[in-house]
Amino acid sequence: APGTVDSVSASGAYVVVDERGEQFQVPQDKARAVDQACLRGVEDLLSLGDFNEGALLHNVRVRYFRDEIYTGIGGPILISMNPFAKLPGLYGEQKQKFYRDRAAAVGSGDV
């Protein structure tokens with residue numbers, strides 16, 4: 001899980017604090033920088049500054065817990081997570097119009 005480096009231990013490992021305030025240690029050679037956009041969750045993974053497995057998985061996790069079950073990778077690839085629940089408005093008229101308009105804008109080169 002991502003966290004913020006708090007300090008360096010006597011053994012040289014990073015002491016990291018996660019989003020729940022819990023501390024854990026990560027060896028420096030295992031630590032990876034995370035794009036800040038990944039922590040917020042982005043709709044298109046190609047917009048992340050650092051595209052790696054950890055960033056991809058965390059981004060999808062963040063979006064899943066916001067009931068945003070679709071995440072794109074560029075135009076042709078879509079990741080879908082099963083919410084195991086009915087999500088109100090997911091396939092409503094407003095959402096359909098949003099994606100129709102977006103597809104039209106992409107097709108015309110306006111995006």
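**Note on the predicted model**

1. Read along the sequence, the protein runs β-β-β-α-α-β-β-α. That comes to 3 helices and 5 strands. Helices (H or I, at least four residues) and strands (E, at least two) are DSSP runs, numbered from the N terminus.

2. This is a predicted model: local features need pLDDT of at least 70, side-chain atom pairs count only at pLDDT 80 or more, and totals for chains, interfaces and linings use all residues. Residues are numbered from 1 along each chain as its sequence is written, and side-chain values use heavy atoms, with hydrogens and water left out.

3. Overall dimensions. The radius of gyration is 18 Å, but a compact globule of 111 residues would have one near 13 Å. The radius is taken over C-alpha atoms, and the globule rule is 2.2 Å times the number of residues to the power 0.38. Along the principal axes, the C-alpha atoms fill a box of roughly 55 × 35 × 15 Å.

4. Burial. Buried residues make up 26% of the 111 residues. Buried means under 20% relative accessible area, exposed over 50%, partly exposed in between (1.4 Å probe, protein chains only).

5. Core. The largest nonpolar core has 9 residues: Ala37, Cys38, Val42, Leu45, Leu48, Ala55, Val60, Ile73 and Ile79. Helix H1 (36-40) and helix H2 (53-64) are the elements that give two or more residues to this core. Such a core is a set of buried Ala, Val, Leu, Ile, Met, Phe, Trp, Tyr and Cys residues joined through side-chain atoms within 4.5 Å. Beyond its neighbours within four places in sequence, Leu45 is in contact (heavy atoms within 4.5 Å) with residues including Phe51, Thr71, Ile73 and Ile79.

6. Helix H2. Its buried residues are Ala55, His58, Asn59, Val60, Val62 and Arg63. These pack against H1, strand E4 (70-73) and strand E5 (77-80). At the start of H2, a side-chain oxygen of Asn52 reaches to within 3.1 Å of the backbone nitrogen of Gly54.

7. Arg63. A polar contact of 2.9 Å joins the side chains of Arg63 and Thr71. A polar contact is a pair of N or O atoms within 3.5 Å; within protein, one must be able to donate a hydrogen and the other to accept it, and residues adjacent in sequence count only if both atoms are side-chain atoms.
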